[in-house]
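Please examine the sequence and the three-dimensional model shown below. The report that follows should be read alongside both.

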Amino acid sequence: MEKKILLAACTLGFLAIIFGAFGAHALKKILSIEQLNSFETGVKYQMYHALFLLFIGTTQILTLKEKTIIFYLTLIGVLFFSGSIYVLTTNGLTGVKSKLIGPVTPIGGLLLILSWGYLFYAIFSKK
C-alpha cells in the first residue's frame with residue numbers, strides 16, 4: 001500500500017505542476033483573474049495533498065489500515081475538490097454545466113478535512 005500511496009503522491013504532484021503551468025500560460029489569456037485565482041487554488045490544494053500523501057506513505061507511526069483510510073479520503077477529496085474547480089473555472093471552454101459539478105467541490109473539501117482529522121485521531125490515539 002505504501003508504494004501505491006507514494007505513486008499517487010507523485011502523480012498528483014506531477015499533474016499539479018502541469019496544471020499550474022497550463023493555468024499560468026495557456027489559460028491566462030482566456031480566463032478572468034477570478035477564474036485564474038480559483039484554478040490556482042485547485043492546483044495549490046492538489047500539491048499540498050501530494051506532499052501530504054508523501055508523508056503518509058513514508059511515516060512509520062501509522063498502521064497500514066490508517067494509511068489506507070487516509071489515502072482514499074485524500075485521493076477522492078483531491079479529485080472532487082481540485083477536479084471540480086478545474087472543470088468549473090474552464091466551463092466556458094468545455095461547456096460543462098456548473099450546476100452539475102458545483103456541489104462536488106464542498107464534498108471534496110470535506111473529504112480533505114476528514115483525512116487530516118483522521119490523521120490527528122490516529123496519532124492522538126497512539127500510546
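## Overall architecture

This is a predicted model. The protein contains six helices and zero strands, and its order along the sequence reads α-α-α-α-α-α. The C-alpha trace spans about 55 × 25 × 20 Å along its principal axes.

The protein has 127 residues, of which 35% count as buried. When contacts between residues at least 6 apart in sequence are considered, 77% of them join residues at least 24 apart.

## Packing of H1 against H3

Two packed helices are described by the angle between their axes and the distance between the axes. For helix H1 (residues 2–25) and H3, the axes come within 10 Å and cross at roughly 20 degrees. H1 is therefore roughly parallel to H3, since angles under 35 degrees count as roughly parallel. The crossing of H1 past H3 is left-handed.

On the H1 side, the contact is made by Glu2, Lys4, Ile5, Ala8, Leu12 and Phe19. These residues meet Leu64, Lys67, Phe71, Tyr72, Leu75, Val78 and Tyr86 in H3. By class, the contact of H1 with H3 comprises 10 nonpolar, no polar and three charged residues.

Helix H2 (residues 33–58) and helix H6 (residues 104–124) have axes that come within 12 Å and cross at roughly 30 degrees. H2 and H6 are therefore roughly parallel to each other, and their crossing is left-handed. From H2, the residues Tyr45, His49, Phe52, Phe55 and Ile56 meet Leu112, Ser115, Trp116 and Leu119 in H6. The contact of H2 with H6 has seven nonpolar, two polar and no charged residues.

H6 also packs with H3, at an angle of about 155 degrees and with the axes 7 Å apart. H3 and H6 are therefore roughly antiparallel to each other, the cut-off for that description being an angle over 145 degrees. The crossing of H3 and H6 is left-handed. In the contact of H3 with H6 there are 17 nonpolar, seven polar and one charged residues.

Ile70 is placed in helix H3 (residues 64–89). Its relative accessible area is 0%, so Ile70 is buried. Apart from neighbours within four places in sequence, Ile70 is in contact with Phe52, Ile56, Leu62, Ser115, Tyr118 and Leu119. Among these partners, Phe52 and Ile56 also belong to the H2 side of the contact with H6, and Ser115 and Leu119 belong to the H6 side. The C-alpha atoms of Ile70 and Ile5 are separated by 9.7 Å, although the two residues are 65 residues apart along the chain.

Lys67 likewise lies in helix H3. With a relative accessibility of 1%, Lys67 counts as buried, because buried means under 20% relative accessible area. Leaving aside neighbours within four places in sequence, Lys67 is in contact with Glu2, Ile5, Ile56, Gly57, Thr59 and Leu62.

## Aromatic pairs

The structure holds eight aromatic pairs. One of them joins Phe39 and Tyr86, whose ring centres are 4.9 Å apart and whose planes lie at 45 degrees, a tilted arrangement. Phe39 lies in helix H2 and Tyr86 in helix H3, so this pair ties together parts that are 47 residues apart in sequence. Phe39 and Tyr86 are both buried.

The rings of Phe120 and Phe124 have centres 5.7 Å apart and planes at 10 degrees, so this pair is stacked. Both residues lie in helix H6, where Phe120 and Phe124 are four residues apart, about one turn of the helix. Phe120 and Phe124 are both exposed, whereas Phe39 and Tyr86 are buried.

Phe39 and Tyr86 also belong to an aromatic cluster that includes Phe19.

Methods. Residues numbered from 1 in each chain as written. Predicted model: local features only at pLDDT ≥ 70, side-chain atom pairs only at ≥ 80, totals over all residues. Heavy atoms only, no water. Axes fitted to C-alpha atoms, helices over the stretch in contact; angles between N-to-C directions. Helix = DSSP H or I, 4+ residues; strand = E, 2+ residues; numbered from the N terminus. Parallel < 35°, antiparallel > 145°, perpendicular 65-115°, else oblique. Left-handed = near helix turned anticlockwise from the far one by under 90°. Contact = heavy atoms within 4.5 Å. Nonpolar A, V, L, I, M, F, W, Y, C, P; charged D, E, K, R; others polar. Buried < 20%, exposed > 50% of the residue type's maximum accessible area, 1.4 Å probe, protein only. Phe/Tyr/Trp six-rings, centres within 6.5 Å; stacked < 30°, edge-to-face > 60°.
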